Amino acid sequence: MRRIQPLERLSAADLPRFGGKTLALAELTRRGYKVPRSLAIPCDCYRDYLQATGLGGRLDMELGRKAFSQMRWEELWDAALRIRNLFLTTPLPPSLETEISTALDRHFPEQPLVIRSSAPGEDSATCSFAGLHDSFVNIRGRKEQLLAIRKVWASLWSDRALLYRQELGLKVADSSMAVLIQELIVGETSGVAFSVAPDNRRQLIVEAVRGLNQGLVDGSVEPDSWQIDRDSLRTVNYRAAHSSHKLVPQNGQVQLVPLRPAEQGPVLSDSDLAVVARQVLALEQDFSTPQDCEWTWRDGQLILLQARPVTTVPAEDDRLWYFNLHRSLTNLKQLQQRIETEIMPGMEEIAARFAQVELTNLSDAMLEEEVRQRLQQLHYWEETYRRDCIPMAHGIRLFGEFYNDALQPQDPFEFLELLRGGELRALVRNRRMADLASRWDGRTDSSSIAEIDELAAELGLLPDQLGRLLLQLTDQQQPQVSQHREDLEGAYRRHFNATEWPQAEEILAIGRASYRLRDDDNISLAQLQREVKRGEMEVRRRCRAGIKPEFARLLEELTDGKNGLRSPSPGGAKAGDRAVRARQLQGQPASAGLATAVARVIRSEQDLADFRRGEILVCDAIDPVMTFIVPLAAGIVERRGGMLIHGAIIAREYGIPCVSGIAGAADIINNGDLLTIDGYLGLVFFPATSGRLASSPQPHQLRKELDDAVRQ
Amino acid sequence: MDSLRQQINDLLSNQNLGVLATSAKGHPYTSLVGFVVTDQLDELLFATHRATRKFGYLQEDARVSLLIDTRSNQSADFREAVALSAVGTAREVPPEQQERLLQLFLARHPYLAEFVRSPGCALCLIKVQRYSLVQRFQDVLELDFDAPHSTP
C-alpha cells in the first residue's frame, strides 16, 4: 500500500502518522470545505530517512553535547543550525527519493508547491506550538521540492522547537515529522480569522493582507484588522494597516512588491468580510470548539489554508521574547537604520554629556540627583538595547541559513568567514592601541602620555595599568586577513544568477551589518555604563568619608541595576571541594584552533591589567570593553555560549581559538591552571590535574595480602 | 576461518565500544572507546583527542589492552557474557594510511565524523598480538598472532 496519501484517504486514526495540521485539513475536506489540493507524507518516511542515513545517531550526538537547561539562546540557535545542516548535507536514500518523487509526479506534475510541517502533537485542543516548525512557499522544481521536505524535517529540531522541547517531548528516538504538500494558491487577498476574540467572547476577529498569507504570518506585511460582533456580524472596530507592499510569488521565491494604486483602501469588501466571518463561525460549529483559520480569496472563491482550535500561550512565558528575535529582512533593515542613526548616537551623546560633569564639585543632594538621572538613562537605553539591538543579531542568522541553504557547506558556520573583516569598532580601538604601543618607549615623560591617559579613561583602567598592557603588545597581534574569505565570497557570488543576486547581496549586506553592530552597539552602551559607575564610585567615596544615610537607597538601586544584561550563572559549579577537579569540559566551538597555556581568570575590569601575553583568557563573558585584551591571549574560554557572542566574534578576527559555553568557567578554572583548549570541538582540558598517584606496592606485600585473605 | 576466529570476528563486529587499558609510570588507566576491527582481525582502530590522559599515556608506553564484551548488567552475565581481551601495541595511524583507515572507522561510527576529522583528534591503530576469549565464566581460549601458525 502506498504510504504517501492524498487528504481524502485519511481518517482520524491516521493522526499519529500524519500530524494534526494534515488531519485537520483532511477533516475540512470531508466536511466539504474548499481547501488546496494536498498530499501527505507520513512520519514513517522521516524515520526511514534517519535510519537509512545514520542521521539518527548524529542527531543524538549533537543533542547530547550539553544540558539544554544550561544553554543560552545563542547556543540553542547554534545547535539548531548544526542540526539543520546535517539534514541539508544528507541526501535522501534512493528508494525514498523515488517513492516521494513518484507520488509528486502523480499528483503535482509541474506546479509550484507549498511544503508544510505537520508534526504530531503540534496542533491540538490543549496546546498549540504554531510557528515552531518551518513551511516553504512557492517551491519549484523537483530537486528543490525534495530539499524543502528535508528542511521541513530539520525544523522538527528548530531553535524554537528546542526551546519547547519539554512540552513537545522532543527525543530522537520518539519524535518525528510528517509533511504536507499543497498546490500553491495565489489569492488576491489572504488572512486569518479567530471565531472568538481573546479579550471579548462576543466578538470574532478577521485580519487580512493583499497577496500571500505568508506576509501576514511572518510579520512582513501589516494586516487590516476587524473586530466583528458574532451575532450581528456588524463591524465593531476596524483598524486600517499602513501597508504599502504585498508578498507575491516571484522568481521561484516570495517577494514583497509595492501595492498598485487600485489596491489602496480596505483589503476586504464588506461582503467578502462577511463570508470570512461566517466561515470561521461555521468551523466553530462543525468542530464544537472556537477555531482559528488561515484563508485566501482567489477568483471569487474562499479557500481555507488551515484551521485549528484556538489556543492561548501564557503571556508570562518568557520564551515568547525569543520568538521576537526572528525578524524579516525588511524589519532588520529598519532596525539597522535605527541603531546606526538613533540608538548608538543617542547613547554616546548622553554618555558624553555625563562625562563633562565634574562629580566632586556637586553637593550631596546634587550628586544623588545626578546619579539617579544616570541610572534612569541607563535603564532606558538597556531596554532599548534589549528591544532593538539584540534582535538585530538575527541578521547573522538570516544570512547563515540563506548561505547554508544555497551552498550546503560541510561546515555549518563557514558563512561567518564572509561576515568577518568589517570595521568593528573594537578592532579600530585595538589598532589605536597597537599604534600607541609602537610609538611609546615606556617613559612617563613621553609625548604619548596624554594619549595613554585618554585611552585608559575610555577603557576604565588606570594609566599605569594600560601602560603595562601596551608594553606587551607586538606587531604580530593583528586581525587576520583570510584568502579563504575571498574564495568563499567568489563562490557565493557565482552561485546566484543575475535575477537572484540582488536578494543574495542584500542578505549578505544585512548579515555584515548585523555582525558589525553586534559588537559596536555594546561599545556605545558601555560608555553609558561607565558613567553610571563613575557616579557610583563618587557616592561610595563620600560614604567612606562619613555616614550618608541618604545614599543608602541609591546604593541599593545601583546594585539592583547591575548585571541586568547578563544571563544568570548556573549554580553548583563552584570548586569548593578540593578533592573534586575538572579534567575535561565540553562547551561550544566558537573560534577554530588549538592552544596550550596557563589560565588568567578575569572577574572584574581590574583583573585585566594583570593579563600577560600568551595566557588563556577565562571569563564569564567578554564585555565589549574587554575586547582590547584579546590580541594578547593565546585562547579564550567563556561561560556564555555560542558562535555569536562578542568574545567569539573578536577571537575569529584574530584567529585565536575560543571555547564558549563552559558552565562556571571562571569558578572552575584558577589563575595559573595549565589548559589545553580545542576551538574546533569546543573542549577544555586540564592536563595537569592528574595529581599524585600512590606508588606501586612491592611484590612481597601483595603476596602477603593474598596469604592473609586465604587464611581468613 | 576457524571457529575461534569466527567467534572473535562476530564479537568485534557486533560491539561498538570497548575498554582500553593504557599505563604510564606503572599505573594502569582505563577508558571507554569506540573501535573497529580490520578484515584480518589483527588491527583495531580507535580515536582519541591528543589532550586526553589516555593519549598521554600512550606516548609513554605503547602497550595496551582492549576489553570487548557482551554483558548486559544481569546476573546471567556470569554465565552468558563473553569477554575478549586484545593485547598489543598502539600508535597513531601514519599519514599514508590515514584516509583508508578513517573511512573504515567512519563506516562504523558515522556520528563521530566531526570529532575524528578535527585537528586535535588522533586516529590510533592497535597492532594486536594476542586475543583472549573468556566464556562460560572461566573458559579461556587464545589466538596468538605472534605464533608461526597464526597467519589467516
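Student: What makes strands E7(A) and E8(A) a pair?

Tutor: Six bridges join E7(A) to strand E8 (residues 224-229) of chain A, and the two run antiparallel. Two strands pair if DSSP finds at least two bridges between them, so E7(A) and E8(A) qualify. One of the bridges has Ala208(A) with Asp224(A) as its partner in E8(A). Strands here (E, at least two residues) and helices (H or I, at least four) are DSSP runs, numbered from the N terminus.

Before we go on, some ground rules. This is a predicted model, where local features need pLDDT of at least 70 and side-chain atom pairs count only at pLDDT 80 or more, while totals for chains, interfaces and linings use all residues. Residues are numbered from 1 along each chain as its sequence is written, chains are lettered from A and ligands numbered from 1 in the order in which they are written, and side-chain values use heavy atoms, leaving out hydrogens and water.

Student: What makes E7(A) mostly covered?

Tutor: Eight of the eight residues in E7(A), 203-210, are buried, meaning under 20% relative accessible area, with exposed over 50% and partly exposed in between (1.4 Å probe, protein chains only). Both faces are covered: Gln203(A), Ile205(A), Glu207(A) and Val209(A) are buried on one side, and Leu204(A), Val206(A), Ala208(A) and Arg210(A) on the other.

Student: Why is the meeting of Arg432(A) and Glu454(A) called a salt bridge?

Tutor: The rule asks for a side-chain nitrogen of Lys or Arg within 4 Å of a carboxyl oxygen of Asp or Glu. Arg432(A) and Glu454(A) meet at 3.9 Å, N to O, so the pair passes the cut-off. Arg432(A) lies in helix H16 (residues 425-439) and Glu454(A) in helix H17 (residues 449-459), so the pair ties together parts that are 22 residues apart in sequence.

Student: How do you know whether Arg432(A) is buried, partly exposed or exposed?

Tutor: Arg432(A) has a relative accessible area of 34%, so it is partly exposed. Glu454(A), at 51%, is exposed.
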